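Please read these notes with the model open beside you, and follow each point along the chain as you go.

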Amino acid sequence: MSDSQALISRSLRRNPWAPRTLFSNVMTGLAIACAVIAIIPLVAVLLYVLINGVSRLDLNLFTQVQPPPRVENGGLGNALQGTFYTVGIATLLAVPFGVMAAVFLSEFVRDTRLARWIGFATNVLSGVPSIVAGTFIYSAIVLTTKTFSAFSGGVALAILMLPVIVRTATEALELVPSELRQASVGLGATRFQTVAGVVLPAALPGIVTGVMLSVARAAGETAPVLFTALGWPTWIQSIWQQANTLSLLVYKFATAPYPNQQQLAWAGSLLLVLLVLVTNILARFVIRRRH
Amino acid sequence: MLAKTDTVIHTNDLNIYYGDFLAVRDVSIAIPNNAITAFIGPSGCGKSTVLRCFNRLNDLIKSFRLRGNVQYHGQNLYAPEVDPVEVRRRIGMVFQKPNPFPKSIYDNIAFGPRLVGYKGNMDELVERSLRGAALWDEVKDKLKESGTALSGGQQQRLCIARTIAMQPDVILMDEPCSALDPISTLKVEDLLQELKEKYTIIIVTHNMQQASRSSDYTAFFNVEQTPKGRTGYIVEYDRTEVIFQSPKEQATQAYVSGRFG
Ligand SMILES: Nc1ncnc2c1ncn2[C@@H]1O[C@H](COP(=O)(O)OP(=O)(O)O)[C@@H](O)[C@H]1O
Ligand SMILES: [Mg+2]
């Protein structure tokens, strides 16, 4: 019998006890188990925060000011306001600078030594611990203006957002096919017209995604606002005064000995987790729409 | 104001380099007005390179250098006082791979006119340009839809419409049909005949039938090995009938009849 005949006459039926089938099944099972284990922390955190925080999730949570010790009820209104202000300031600062830096890197100095150096610096900046951004702004702004403020908290958060935005926006811009730039230039567009009219719009979904993810990250950061915004027990009238934020409130209330404040800390955690979840889902949606 | 001449583009001993590499040498060619001139020749002989010199698109390539000059209606395109943006508004380009902007069909056409602050009726210009590119009937009900959702052949005609919306003087086409199916190719070829009434067209093509069917003049490029790399040059430039039926050079004869090396 020749080799090919031996091959043909062998049964095609699957043998469940063949070593390679067994091995394959075991490995598949192992992979599934590892995947489940990896998801457990996420699910556990979500559930735990949800169970503990959901009891206070009502309208009062958003409209009422945080309660002093031994006072019942109250909400997170002023902390939400502070988070909104600080993150808003950070976004207003980081987005224009970050996107312009990305345009510079991708459209003007791409593949040059300068671009590599700036890219390296951005990477280092994104690795800087957030407490360092806080101390830097503390000495640069708080000490010089002699006041803690929502503004200085916003600047500290902007430092953390900047590298994320620069990197994601640069990647989004570099993904824009060079054919589009040539088409635009070929129609007689100037460099500025090409960037503003073709390249940026084409990269917009990617840029928006990066901005949203960095906003979610900034909203949850505690260390940068710890000694810049510092905290404040009620609504604020301007960005030049001290402010509380959700993250600060969670940090302080979670360790407080008062059950009411502890409950609010859980509710605040829930809001932060929901914020991250919602921005991530929105970001996915934006990415999906691009295709 | 430039006087309109019978020769639109004229080059004299043009040498084009990428860095130290001489990509094309000794290009001397006169492109006639309101005619279709085809560039044919094997890959890498510098057809695209020469074409892109005519609207200064090579300026985008850092290593690009040029010796000699390119005259456009008698004016040196590479004179220091010339603004390449102005050049490209008169000399449009259609690329090998259709490259519509990821914008609506309407905005694809309106993009160029808006750049120059077009004051006329934009709707009219869009319609006229799309009709000019034989695309109007296929897209008139979906002008708000994305240009990238069209078929390849439609995209290429959209790119042609986008170019003629600028009301250029010359249209450069770099293998505009190489990514298209045969039916779309025929549509674009028909279009070329209409366009030459108004525009001067220079087209690079690998398709011999296309060159012989559609063009009035043909330049045959070839490439030869030199110590510094493969340098392209024009073997023969003449009326298309002459190039295809009684070329003076052996190499041309071999290439157009498909017996090439
Ligand atoms: N951007 C570039 N940088 C360096 N060399 C290039 C560049 N573009 C083309 N070349 C070289 O120039 C020569 C001519 O290329 P090209 O004009 O594209 O030829 P064709 O269009 O006839 O196929 C080739 O050897 C090619 O490798
Ligand atoms: Mg080419």
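1. In chain B, strand β7 and strand β8 (residues 200–204) pair in the parallel sense over five bridges, where two strands count as paired if DSSP finds at least two bridges between them. Within this pairing, the bridge partner of B:Val170 in β8(B) is B:Thr200. Helices (H or I, at least four residues) and strands (E, at least two) are DSSP runs, numbered from the N terminus.

2. This is a predicted model, in which local features need pLDDT of at least 70, side-chain atom pairs count only at pLDDT 80 or more, and totals for chains, interfaces and linings use all residues. Residues are numbered from 1 along each chain as its sequence is written, chains are lettered from A and ligands numbered from 1 in the order in which they are written, and side-chain values use heavy atoms, with hydrogens and water left out.

3. Strand β6 (residues 91–94) of chain B also pairs with β7(B), in the parallel sense and over four bridges, and here B:Val94 stands opposite B:Met173.

4. Strand β7(B), which spans residues 170–174, is mostly covered, with five of its five residues buried; buried means under 20% relative accessible area, exposed over 50%, and partly exposed in between (1.4 Å probe, protein chains only). Both faces are covered, with B:Val170, B:Leu172 and B:Asp174 on one side and B:Ile171 and B:Met173 on the other.

5. Helix α6 (residues 152–164) of chain B is largely enclosed by the rest of the structure, because 12 of its 13 residues are buried, among them B:Gly153, B:Leu158 and B:Ile164.
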